[in-house]
Amino acid sequence: MSDAPVSARYYPAGGDAHGHPALLYWEGGHLLVAPEDSEPLRIRAAALRAEARGFNHSQWAIAWPGEGGEHLLIVADTAIAPLRAAAPALFASGAHAQRKTHRRFGLGVTALILLPLLLIAGIFLAVEPLADRVVEHIPPSIENQIGEAVLARTRLDSKLIEQGPAVDALQLIGKRLARPGENLRFYLAERPDINAFAAPGGVVVVYSGLMKQAGSAEDVAGVLAHEIAHVELRHSLRQIVRSAGLRVIVSALFGDYGALGGWGARLGELKFSRDAEREADARGLQRLAEAHIDPQGMLRFFETLARSENGTTSAVPTVFSTHPATAERIERLREALASQPAGAAQPIPVDWQAVRQALPDTRP
Ligand SMILES: [Zn+2]
């Protein structure tokens, strides 16, 4: 038996491409392979072929035929000495034997190279499921980073209103909606659009145009509840990952989320599917009920939107802009509200007229 075991990676014939740690011994003309996670094997010297591989021949590949292909061992050149000393013929004849067996041996090696290529091809066919997997694994710290990127981008595009009755009102509404321990931050951007969006990491941005157009604090609460639901359901994150593209997804799969953060900054341009919107509406209603906020505000806001879509108001609504079918949504909300037991709503104590007057007149 060779004095010390030699560590190797074992790639069983027809097995996966990851390789399994194994220890190798030489004993009486046989190679003993002891994989960490399966039964040991004993292979006759005559069945084995060895070949130096890799850049600068830094590795040895030892192969033997098996069912469904070749078994393969990869050993670092720096570790091979005990085996080489025990079976000099095997390694001396490696270069010679290589010529005869090159094609068969090559097949096994080609499979190892092909597998990653197939994996990449698979990614092209399955970007959406993969995006969802990336989303599942994104840690909260990365979500926060994306949220910060979105906020930084918003600051570039528009002035954030830092104080005044509208900011106070927004903070009050936000506080009512947030659940204990939930990390939500609300910002008011000076922009004429009727819009609001929520970014991963709990960053919620409301445009002054929306607050100016809303009829009450409850209307705004309805919009915010819907937007928060998008974050809670990780819609924003998923949409960022999906639109970021393959390269960014692959980087993220390998733990590099930098490019993903950059993509987060484009959140305002993202569109959600109709199903995602429905889900966010339902979750939003749930949150309003929990917060004892009159859910009619959400309905009223949709009606405001419908009116402006019909051109009765001059502002162009961009919030909820993915749904041309606002009427259908209003109908669904009405039904949901009718079937929902009217809880005891507690009014949000805000002088809404004062809030509207304090906001700059941003209507075009
Ligand atoms: Zn939405």
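The structure is a predicted model. Its open sheet has 4 strands in the order 8-9-11-10, and the pairing is mixed. Strand 8 (160-161) and strand 10 (196-199) form the edges, each pairing on one side only.

Strand 9 (residues 185-189) pairs with strand 8 in the antiparallel sense over 2 bridges, in which Leu188 is the partner of Ile161 and Ala189 is the partner of Leu160. With strand 11, strand 9 runs parallel, and 5 bridges join the two; one of the bridge pairs is Arg185 with Val203 of strand 11. Strands of a sheet pair through backbone hydrogen bonds, in either the parallel or the antiparallel sense. Because 4 of the 5 residues of strand 9 are buried, strand 9 is largely enclosed by the rest of the structure.

| Helix | Strands it lies across | Angle |
|---|---|---|
| Helix 5 (residues 140-157) | strand 8, strand 9, strand 10 and strand 11 (203-207) | about 25° to strand 11 |
| Helix 6 (residues 165-177) | strand 8, strand 9 and strand 11 | about 150° to strand 9 |

The largest nonpolar core has 58 residues, and those with the most contacts inside it are Ile173, Val206, Ala221 and Leu224. Helix 8 (residues 217-232) supplies the largest share of this core, with 9 residues. Apart from this core lies another, of 21 residues, which include Leu24, Tyr25, Ala50 and Leu90. In soluble globular proteins, nonpolar side chains tend to be buried together.

Which residues is Val206 in contact with, leaving aside its neighbours within four places in sequence? They are Leu170, Phe186, Leu188, Ala196 and Met211.

On the side of helix 8 the contact is made by Ala221, Gly222, Ala225, His226, Ile228, Ala229, His230 and Glu232, and on the side of helix 12 by Ala280, Asp281, Arg283, Gly284, Arg287 and Leu288. Ala221, listed in this contact, is also one of the residues with the most contacts inside the largest nonpolar core.

Definitions and conventions. Residues are numbered from 1 along each chain as its sequence is written. This is a predicted model: local features need pLDDT of at least 70, side-chain atom pairs count only at pLDDT 80 or more; totals for chains, interfaces and linings use all residues. Two strands pair if DSSP finds at least two bridges between them. Two residues are in contact if their C-beta atoms, placed from the backbone, lie within 7 Å. Axes are lines fitted to C-alpha atoms, for helices over the stretch in contact, and angles run from 0 to 180 degrees between N-to-C directions. A nonpolar core is a set of buried Ala, Val, Leu, Ile, Met, Phe, Trp, Tyr and Cys residues joined through C-beta atoms within 7 Å. A residue is buried if 20 or more other C-beta atoms lie within 10 Å of its own, exposed if 12 or fewer, and partly exposed in between; C-beta atoms are placed from the backbone.
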